[in-house]
Amino acid sequence: MLRSKRGRESIETVKRGISLIALAGLIGGIASGLSGIGANEYVANHLTNEALATFVERLNSVFFLVVSVGVPAALLLFFMSRLMPRAFRAVASVLALAGLIVIVCHQETLVGPWPDDGATPRGIALGWAYRFVLVLLLIGAGRLIYEIFPALGTIVRLVPFRLVLVTLFLLGAANSADYINRTKNFPRGPNVILITVNALRPDHMSEYGYPRMTTPNLDRLAARGILFDRTFTSSPRTTQALASIFTGRWSRSTGVRALGDALHSQEITFPEVLHNKGYVTGGFASLPAEAGDGGFDQGFDRFETSPGADARSIVRRGGEWVGLQKERPFFLWLHFSDPSVPYGSEESFSPFGDGAYEGPFKTRFDYVPTKGCVIFGLKRFSSADSARAVDLYDGDISRMDAAVGELVQFLEKTDRFHNCLFIMTGTSGESLGDNDYFFDHGEFLYDANLRVPFLVSAANLPDGIVGTQVRTIDIVPTLLDVLHLEKTIGLQGRSLMGVIERPESGADLPVFAESGESLAPLFNERRPISGVEGKSVALRDGAWKLIVTPMPGEGRRTELFDLEADPGERENVAGDHPDIVASMRREIEEWIGRTPAPERLRKR
């Protein structure tokens, strides 16, 4: 009889323990979900669907983590207390002390990433083992407190096992709401395809008048839409430029100021806006290996980054994904790293050049490991080698364009092309010897680096060429207008719908730009300070362009160019126009004051 009573009490204790763990998981999940909504500012930006999805995702993650780890840990301690009742208090004391040490010495353990938690079996096993041990420590501490303060037992006994059913009901209701929202929220609108290209000079594209036929497929897209003739990036480094393209904000405002920086989760991206409206979203990118995912996976149902992959492989993966989309409109982002160095390919010849070249760069141009010497002109190539590098660069552009052509053919074959809105732009230009800067981008702010292509193409848009000076931060506001979507908070760009409808009506917009970090300051005497402290800043406004670069000590190097008389930016006339320099420097300082750089988030 006594054993039967103790058995029932043991069962009730276990049931109450499971109820408490389930309740802790629910409360923790709700807190995590609300924190995620607040951190991402979804409600303020009217992204209610994204808010619900984020809440449910975090609720599920925390609840199932607490239950899957907490229940086994609690059962283990329970059996220890039954099998070794006299030793249990000592064991619980040790566990509690160990848990306290972990929390005090590693506070980030509770909120930060779990160590060694990766995609490999070993990483996954270590991550779960770490979770189990930590929860074991915390439950041991709780059990010790329970033993020391018997009054808590009265409160615990009031916890019914039915609480588990209530918890599961609330969890199911939240997931049902998210499922109904995702399956019933079918938006009306075109498919949207954003193509971004690294190191792409507009003046080497046939659609911009280049004599070589490098971009016939992009020419076709431009013919059914608007081509912007003077578009400038906010930074000539890939990740900084993409941060602006995705958010409609200056790159310094997003905190992405170096290749290793990631986009903050509170930044609202264009994919998130479309995902909130019910679009299915896919991103396929060839990002620099140093960037990881760069935080650009926000808002994507599927996201893949493949460092070094060529445009054709990126298009094929994107096309396979598009082929699976049958019901909802889709947003597809493709980012190509062609045509940045290395130019050319061992597998294919460039279609350009006279064929007589027999030097070392017949099929491929690269300069590793002497990059610093080459790009800053300390080591010069022969004129024939340099011309061959340009041939191979143009060949890369042509192959990238051919990949775009494959995408267009696939969309036509599957009867999707007529309902697609295309946006194509670049993250930077490429210096091919301009301003004594060779076969690279990002170190300087001359137009060869800052000017990028930009076209918007759709069946219902007017066609034409816009000569107004615009910025890549204007892309998101423009697309929100084209798609009749509400503007998000914090946009710093302007909608270009006015000049799309009336190309002759627009006024030039001022371009502010920030360089990348100086990656080789020992070789670059024009930018000898490394890190974000050594970044150059430029203002391009009207007929003038000012570039200011920090120098050692308190000095600054100032360059002023008269763009009408000197479009190649070869003659620095800062000494001849001190009033213009002073005025434009004030504008730059005011811009820096309006766009404070938040704390940088290192790559994920």
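**Entry 1: the model**

I am working with a predicted model.

**Entry 2: nonpolar cores**

I looked up the largest nonpolar core first. It has 64 residues. I asked which residues have the most contacts inside it. They are Phe336 and Phe439. Helix 13, residues 383–413, gives this core its largest share, 11 residues.

I then turned to a second core. It is separate and has 41 residues. Phe331, Ile423, Val476 and Met497 are among its members.

**Entry 3: salt bridge count**

I counted salt bridges next. The total is 28.

**Entry 4: Arg399 and Asp396**

The side chains of Arg399 and Asp396 form a salt bridge, with N to O at 2.6 Å. Where do the two residues sit relative to each other in helix 13? They are 3 residues apart, so about one helical turn separates them. I checked accessibility for each partner. Arg399 has 27% relative accessibility and is therefore partly exposed. Asp396 is at 6%, so I note it as buried; the cut-off for buried is under 20%.

**Entry 5: Arg527 and Glu443**

I moved to the bridge between Arg527 and Glu443. Their closest N and O atoms are 3.8 Å apart. The pair links distant parts of the chain, 84 residues apart. Arg527 is in the loop between strand 14 (511–514) and strand 15 (537–541). Glu443 is in the loop between strand 11 (438–440) and helix 14 (447–450).

**Entry 6: Glu569 and Lys545**

I looked up the bridge between Glu569 and Lys545. The closest N and O atoms are 2.8 Å apart here. Glu569 lies in the loop between strand 17 (556–562) and helix 17 (578–594), and Lys545 lies in strand 16 (residues 544–550), so the bridge ties together parts that are 24 residues apart in sequence. Glu569 is buried at 3% relative accessibility. Lys545 is buried with a relative accessible area of 0%.

**Entry 7: a network**

I finished with bridges that share partners. Which residues do they join into one network? I noted Arg212, Arg388, Asp391 and Asp394.

Note on methods
Residues are numbered from 1 along each chain as its sequence is written. This is a predicted model: local features need pLDDT of at least 70, side-chain atom pairs count only at pLDDT 80 or more; totals for chains, interfaces and linings use all residues. Side-chain values use heavy atoms; hydrogens and water are left out. A nonpolar core is a set of buried Ala, Val, Leu, Ile, Met, Phe, Trp, Tyr and Cys residues joined through side-chain atoms within 4.5 Å. Buried means under 20% relative accessible area, exposed over 50%, partly exposed in between (1.4 Å probe, protein chains only). Helices (H or I, at least four residues) and strands (E, at least two) are DSSP runs, numbered from the N terminus. A salt bridge is a side-chain nitrogen of Lys or Arg within 4 Å of a carboxyl oxygen of Asp or Glu.
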